[in-house]
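The sequence and the model come first, followed by notes on selected parts.

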Amino acid sequence: MLPMTRRRVLLTAGAATAALAAAGCDGGDDSATTEDLSGNRTGAMPDFKAGTQFTATTPLTFSILYSNHADYPLNKDWLFWKELTKRTNVTLTTVAVPRSDYEQKRSLLIGAGDAPTIIPKTYRDQEIPFVSSGAILAVSDYLDLMPNFTTKIAKWNLGADLDTIRRTDGKFYVLPGVHEEVWTDYSVAMRTDVLDKLREPVPRTWDDVHDALAAMKSAYPATIPFSDRFGIPTPGGCLLSVISAAYNTAAGWDYQNAYWRPAQKKFVFTGAMDEYRNMLQFLNTLVRAGLMDREGFTQEDDAAIQKLATEKSFAICANAQSIVNDYRPALAKTHPEAKVAKIPQPAGPAGNVRRGGRLENGVMISSKARQSKDFVAMMQFIDWLWYSDEGEEFARWGVPGVTYTKTPAGEYRYLNGLDGTLPLQQKYGFFNGVFAYGGSTQLLESMFSEEEKEFQKAVNAKTTLPLAPPHPLTDEEQERATLWETPLKDFVAAASLQFILGQRDFAQWDAYLQELETKNMSAYIDLINEAYQRYAKDHG
Amino acid sequence: MVTVRTRSWSRPRSIADAERGRVFPVVNAVLLSIVVLVTVYPFATIVARSFSGEGEIRSGQVSVIPRGFNLTTYKLVMSDATFWVNYRNTVVYTVTATVVAMVLTTCYAYVLSKKNLKGRGALIGIAVFTMFFTGGLIPNYVLVTSLGLKNSVWAIALPNAINVFNLLVMKAFFESLPGDLEEAAAVDGLSTYGILLRIVLPLSKAVIATMVLFYSVTFWNSWFSAFLYMDRVDLFPVTVYLRNLIAGAATATSVGSSKDSLAQTAANIQAVTMVLTVLPIMLVYPFIQRYFVSGVMLGAVKG
Amino acid sequence: MSAPVTSDPPAAAPEAGQALARAARPAPVRRRTWRQAFRRDWQLYSLAVLPLVFFVVFRYLPMAGNVIAFRRFQPGGSIFGDQWVGLRYVRLFLHDPTFWKVFGNTLTLGVLSLLVCFPLPIVLALLLNEMRRRRLKRFVQSVSYLPHFLSIVVVAGFILQITAVDGTVNQVLKGLGHAPITFIQQPEWFRAIYVSSEAWQTVGWGSILYLAALTTIDSDLYEAARIDGASRWRQTWHVTLPGIRPTMITLLILNIGTFMAVGFEKILLIYNPLTYPTADVISTYVYRMGVVSNSFSYAAAIGLFEAIIGLVLVFTANQISRRAVGTSLW
């Protein structure tokens, strides 16, 4: 419980703090720590600054929870480990966990008090259960040890983004991955050759999508042009998340019970919004006209890909990888002439907007690390590996002259017969999801294909929807909210599908709202709004 | 089916029986054939997939006959050193855990089968109670960790040493054995241990074979204990490998936000790994089944 | 089966099956004291020592952790919880309408599975037992065990494939001139799908126990029954079934005791929000409510409740069986 009860004094010393202040970081009282860290400086560099190569002054070892990816299974002989030790004098000991069940093991290890020191791959809000017991460190208290992180926050103006992950005490407990710009990957993919043949332009709005699908349907009456994937475990997860942004609401993967209305300065219940209903109605039109596959909301990915490959459908959700790894290879076997590509997320009633934040999953730190002698060195190490330009480049591209080379124009080229990210991962251990994410747009795009860069350019022209302000709940509120949240969420998901598939008539919308009410919708939203106002008052 | 019938004629029977005897074996054979068909169909799909090309699977051409026959994936999976390391672990874990489980289960089941043992009710109660009340995940984890069993085969073998379901089945079997042999042996001066080893166990081959099969299949297929208590890849059993392959692919994209939703695992890598995992059990099974047969003989001769 | 028997007198054959079933159950002579019992049976007791150590260490010790049903547990805090909250978590779920909904679903699925999946292995075992060609019999047996070796993930994959709109079932329906049904999205189909897949998986494997039990039946009994002119049907009824009765009863009681614990993993893989009305069971609900968001205390409270129901069920079943048929677990 140590970091929570302690009242902090603002110190103005330190370049990091100055940078933060300059960034206009409104919510936090992140500051140079008032704690005495003199006993925790073993191996630490006394003059560690942004841009300095971190090298521990004595050899150090840190334990890390490692999410083991099936496509590039952990290999202790990877160049990554050797080079990391060479550069930083740090050896990481991994507790390897299959990625499929990573979260369960993490919660078990933290619960049993047996967690490794560094706990990466923590997605948004996943840290909340561990905050109140004091099991994980309030990292915002120690930002002065992390010059690279603070520099990036200041340079990229990420203060408001960071505020969204603060808890009731105004602190944050995860060091998130940070992006220079909003980056959205998922969108709708279409058979562009079919569009060309039908003389249909690439759809720019959802109404265009409707027309294109209708044209496909009339040309190929036996098909159901749009058959989606990514429906497990969240039905329609991807499609709903993409289209809901265009309606200025949230659904699918992005569904949260509370939705922020900047104009009214309050949260409303997402599943009860008019925008939400309009979105459902639009999808229902598609389903009724036979343009969208009913099964698409719940089917397995393979089934959807099969339909695309056998021309039972022409449109499907996609990210950059699935185009290259799934759709094109599948179509190449059956219809070599086929062309499939991502289209920029279609615009909708909310205009040409997109949703997205610039924070990614990140690192939690066990609070017991604070007691260890090499605590400061560890923070410096994390700062270097995950947040310095050199560390990010190293984790992503590897070692110059071995895995890549850089042209004078700053373009990266693979070396040693590498021809893509997978061999880089499998053979050398770089571009590993545990270590490589976030970073500057230039670095991010360094691995994109030309096609993907084009796509990103089109997407970047969109307006980004505003971020919801922080509204952290207290322990007691959190417990209550959790018990309301799940049934509400489940009910909205089920009813949404029923409306879309026509199993429920829109005349019953009011009855649906009534049911939400019996499931404590208003009480829940009140709780969230109170939390928002309280936080704004305390930390605003 | 004709042969089935002629064969059954070779036994003395009444006229009424003979009447039915014509129809029944046919019906029986038909029913069992249906069982076989329904059961085999999905397996045939997996095996067919494992030998098929990726494109053919994706385009839905593969049902029970492989299309685009190739062995690339087999070579790929079998050339993965981790796969074999994990495979060996599975064998070691299964054998160790089964031996431990058989010893403990047999001892306890035998004790419980003695109906006039004082305190027997309590002993049974102690076991049955644990079928319903269990400790949570975290207390179990803390226990295994503080006993220092983590990252060893004992973390898998010891906490699962007695399955109460198996225990009760075995106890029921022991109870059904005629008591007079044991009594005679006791009169001859054999100790309880001697009776168990020399009289009871030889009579119990059928149930022992069954239990070995039950336990070994459970341990072979189990992944959760290993997932909980093993921290290193080279300690994982092949089930964890397989699970990561299958579930990993299924959940890869559901997180939705991260860049590392890379290449989806190929559908036939899953099929191949599945075939390779199930295969040993299929191969070992007929040998265990022989013991069923000898158990039958013994039971019959003994009378 | 029909091993040549050097059969001597087929004595009191018809009764023997019954006798076997009840085995040695002599009237307790007189109450022995513990001291006497130990002196007489110390070797037996010694056999129980290791298993008892196992139960105490690996089963009863961790059970203490269930105290968090009544104490507030925070991940990373004390594993026995941080403060007493009394029946708070119990009240929470008792007042939760969704809990009662999933409770009902659990009961329905459990009872249906029991009704279908308990008798089928017996039928299969009897059919196999009647099969005279040993090689064929062994083949059928081996094949019928296959599903047990499959991981749930794969089984779920099959289910989704077969029930898909262009899956096997719908193709048959199409052949019959019926419009395709999106089975996996219809709550009214979920139970049928679940129970039949459960049957598919467990029938063969479940028959092993009965086949093993069948081997213990004295073949003299069949001989005697045949001499008495009993048809095969009557032999089955009067010799075979009584012979496997202890196994049947044991399994029935155990199944009744555990039927609340319906297949969590499988449901998790094949249900979706549309089928929640019939598919959502206690374990999946607790999973979504508890484990996903780390509410271990809430999960523990529901877990205890489930355990008590299971215990009551198994005790009741055992008592009834003891009164009615004279066989029981203890």
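## Chain B

The model is predicted. Chain B contains 15 helices and zero strands. Its length is 303 residues, of which 49% count as buried. Taking the contacts in chain B between residues at least 6 apart in sequence, 67% link residues that are at least 24 apart.

## A sheet in chain A

In chain A, three strands make up an open sheet with the order 8-5-9, and their pairing is antiparallel. Strand 8 (315-318) and strand 9 (340-343) of chain A are the edge strands, each pairing on one side only. From one strand to the next, the twist averages 35 degrees.

Strand 5 of chain A, residues 187-191, is joined to strand 8 of chain A by four bridges, and the two run antiparallel. Within strand 8 of chain A, Cys317(A) is the bridge partner of Val188(A).

Helix 13 of chain A (residues 320-334) lies across strand 5, strand 8 and strand 9 of chain A. The helix runs at about 145 degrees to strand 9 of chain A.

## Arg229(A)

Arg229(A) sits in the loop between helix 9 (206-219) and helix 10 (237-246) of chain A. Is Arg229(A) buried or exposed? Arg229(A) is buried, because 25 other C-beta atoms lie within 10 Å, and a residue counts as buried at 20 or more.

Leaving aside residues up to four places away in sequence, Arg229(A) touches Asp301(A), Ala304(A), Ile305(A), Ile316(A) and Cys317(A). Ala458(A) is 229 residues from Arg229(A) along the chain, and their C-alpha atoms are separated by 24 Å.

Methods. Residues are numbered from 1 along each chain as its sequence is written. Chains are lettered from A and ligands numbered from 1 in the order in which they are written. This is a predicted model: local features need pLDDT of at least 70, side-chain atom pairs count only at pLDDT 80 or more; totals for chains, interfaces and linings use all residues. A residue is buried if 20 or more other C-beta atoms lie within 10 Å of its own, exposed if 12 or fewer, and partly exposed in between; C-beta atoms are placed from the backbone. Two residues are in contact if their C-beta atoms, placed from the backbone, lie within 7 Å. Two strands pair if DSSP finds at least two bridges between them. Axes are lines fitted to C-alpha atoms, for helices over the stretch in contact, and angles run from 0 to 180 degrees between N-to-C directions.
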